[in-house]
Structures are given as C-alpha cells and as structure tokens.
Amino acid sequence: GYLAVDRLFDLEGAQGVAVTGLKPVGIVEIRGRRVEAMSEGDFVEAGTKVRVVRVEANNVFVRGIHNEDMEG
C-alpha cells in the first residue's frame, strides 16, 4: 500500500479514516490505500474520519472531520 510522492498530491481534499491514532503522526486509509499522515491540530483517534488538508513534499496533513462534513 505504498504511494509514490507524485501520487500523494492526488490525495489533497480526499477523505478517509484514521487507522491508528495520529499523535501527531499515524496511518490513515484513503481510497483503499494506507498512508502515513500527520494531524494538523489536535490528536486524532483511530477510527476518526479525516480529510487531507494539504500535501507538502512527501508529508500528508489531515484533520479530523464530523460525519455531516463527509461527501456522499
């Protein structure tokens, strides 16, 4: 499930779920892929829905979101 750096930029704005707690770094699953990500802000508990807020180089930054914020 490793994504190359150039493919990480495609994740910007995407939604997924925290597989592990982000303290601030952990694993998230987005579009069926597991990616190492960093929480932008507070601790994110495992199972929390997240959104990718930005990608810088090979760093994916996410923020926990509420159910009503999810697409679809």
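Predicted model: local features only at pLDDT ≥ 70, side-chain atom pairs only at ≥ 80, totals over all residues.

Tutor: Residues are numbered from 1 along each chain as its sequence is written, and side-chain values use heavy atoms, with hydrogens and water left out.

Student: What makes S2 and S3 a pair?

Tutor: Strands are DSSP runs of E with at least two residues, numbered from the N terminus. Two strands pair if DSSP finds at least two bridges between them. S2 and S3 have six bridges, in the antiparallel sense, and therefore they meet the criterion for a pair. Within this pair, Val28 stands opposite Val35 in S3.

Student: How do you know that S3 and S5 pair, and in which sense?

Tutor: S3 and S5 share two bridges and run parallel; the requirement is at least two, so they count as paired. Here Met38 faces Phe61 in S5.

Student: Which bridges involve S4?

Tutor: S4 is joined to S5 by six bridges, antiparallel, with Val60 in S5 as the bridge partner of Val55. Strand S1 (residues 15-18) also pairs with S4 in the antiparallel sense, over three bridges, and Val17 stands opposite Lys49 in S4.

Student: In what order do the strands close into a barrel?

Tutor: Five strands close in the order S1-S2-S3-S5-S4, with mixed pairing. The twist averages 55 degrees from one strand to the next.

Student: Why is a set of residues called a nonpolar core?

Tutor: The name applies because the set consists of buried Ala, Val, Leu, Ile, Met, Phe, Trp, Tyr and Cys residues joined through side-chain atoms within 4.5 Å. Buried means under 20% relative accessible area, exposed over 50%, and partly exposed in between (1.4 Å probe, protein chains only). The largest such core has 15 residues, of which Leu22, Val28, Val52, Val60 and Val62 touch the most other members. Strands S2 (25-30), S3 (33-39), S4 (49-56) and S5 (59-64) each give two or more residues to this core, and S4 supplies the largest share, three residues. In soluble globular proteins, nonpolar side chains tend to be buried together.

Student: Which residues does Leu22 contact beyond its neighbours within four places in sequence?

Tutor: With contact taken as heavy atoms within 4.5 Å, Leu22 reaches Ile27, Val28, Ala37, Met38, Ser39, Phe43, Val44 and Val62.

Student: Why is Arg31 called exposed?

Tutor: Its relative accessibility is 57%; the term requires a value over 50%, and Arg31 therefore qualifies.

Student: Where is the cis peptide bond?

Tutor: The cis bond joins Lys23 and Pro24, with omega about 5 degrees; Pro24 lies in the loop between S1 and S2.

Conventions. Helix = DSSP H or I, 4+ residues; strand = E, 2+ residues; numbered from the N terminus. Axes fitted to C-alpha atoms, helices over the stretch in contact; angles between N-to-C directions.
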